[in-house]
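Biologist: Hello! I am new to this one, and I would like to learn how to read its features step by step. Could we look at it together?

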Amino acid sequence: AYRAVMVLGVTTDSHDAQGRVVATADASGVTRADLERVLPRFRGVIAQVPPMISAARVGGERLYRLARQGRTVERQPRQVTVSTLELVAWRPGPRPVAYLDVVCSKGTYVRTLCHDLGQALGCGAYLHFLVRTAQGPFRQEESVTLEELAAAASRGEVGRHVVPAARALSFLPGVTLRPEEARRVAHGLPPFPRGAHELAVSGPLAGRLVRLCSPGGELVAVARAYPQYRGGAVVTFRLEKVLA
């Protein structure tokens with residue numbers, strides 16, 4: 001998830017403030033309502049062409065390296081998912097400024113999203129500023145600065161800011177081990193098979209990563225689950241990483 005600041009009326013070659021300006025326009029006639037009308041086109045599964053100044057590869061070469069050589073190559077559109085795209089603030093003028101909240105899939109270029117919005121509005125646009133507000137279950141409001149972390153460390157309180165591993169992987173289905181199993185897994189042996197219903201997951205189970213936790217809730221290992229005999233009603237595990 002991101003908060004993006006987009007400036008209309010200016011187009012850059014990198015789609016952000018670091019690039020070279022390639023076009024300008026008087027965007028004073030563009031209104032908040034105009035932008036809100038085009039936003040729905042960019043929600044859901046959309047196609048994006050990676051910018052030349054990016055780490056995407058074409059023919060095994062990083063695009064930014066080709067761009068530094070003054071070369072422009074054809075790039076194929078990629079499918080990305082924009083699950084949230086909301087206008088949260090608007091500042092009118094010859095260079096209107098829009099504040100956007102974006103939740104998107106991995107591989108989405110928010111700066112290209114701003115560029116494409118500008119093209120749809122006919123005035124051009126670029127990404128002026130971007131801050132990540134969430135990554136999976138981790139949110140900006142729960143974070144601390146390096147200075148705050150250093151101060152906590154000097155007081156011996158750094159543990160207050162450390163996210164337990166089991167919580168960090170809370171997006172994975174969890175399996176609570178019995179005490180003897182936890183000891184078994186700590187020695188590199190897989191836990192005993194489980195009924196598939198105990199994992200309480202939706203969708204395909206084969207090869208799915210799961211958390212193996214001690215009776216006290218601490219993360220012991222990460223494993224892959226594999227349905228076995230009896231029509232997949234029983235699940236076995238292959239250890240991927242043991243942390244105990």
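Modeller: Gladly! A search of the whole structure finds 14 salt bridges, a salt bridge being a side-chain nitrogen of Lys or Arg within 4 Å of a carboxyl oxygen of Asp or Glu. Keep in mind that this is a predicted model, where local features need pLDDT of at least 70, side-chain atom pairs count only at pLDDT 80 or more, and totals for chains, interfaces and linings use all residues. Residues are numbered from 1 along each chain as its sequence is written, and side-chain values use heavy atoms, with hydrogens and water left out.

Biologist: Which residue does Glu181 meet in a salt bridge?

Modeller: Its partner is Arg194, at 2.8 Å from N to O. This pair links distant parts of the chain, 13 residues apart: Glu181 sits in helix 6 (residues 179–186) and Arg194 in strand 13 (residues 194–195). Helices (H or I, at least four residues) and strands (E, at least two) are DSSP runs, numbered from the N terminus. Glu181 and Arg194 also belong to a salt-bridge network with Arg178 and Glu180.

Biologist: Are Glu181 and Arg194 buried or exposed?

Modeller: Both are buried. Buried means under 20% relative accessible area, exposed over 50%, and partly exposed in between (1.4 Å probe, protein chains only).

Biologist: What about the salt bridge of Asp13 and Arg20?

Modeller: Their side chains meet at 3.8 Å, N to O. Asp13 is partly exposed because its relative accessibility is 29%, while Arg20 counts as exposed because its value is 55%.

Biologist: Why does Thr12 count as buried?

Modeller: Thr12 counts as buried because its relative accessibility is 4%. Thr12 lies in strand 2 (residues 10–12), and its side chain reaches the backbone oxygen of Asp16 at 2.9 Å. Leaving out residues up to four places away in sequence, Thr12 touches Gly19, Arg20, Val21, Val22 and Tyr126, where contact means heavy atoms within 4.5 Å.

Biologist: How many residues of helix 3 are buried?

Modeller: Nine of its 12 residues, so helix 3 is mostly covered. Among them are Val110, Leu113, Cys114 and His115. From first C-alpha to last, helix 3 (residues 110–121) reaches 17 Å, close to the 16 Å expected at 1.5 Å a residue; that expected span is 1.5 Å times one less than the number of residues. Just after helix 3, Gly122 takes a positive phi of about 80 degrees.

Notes: Polar contact = N/O pair within 3.5 Å; in protein donor to acceptor, adjacent residues only side chain to side chain.
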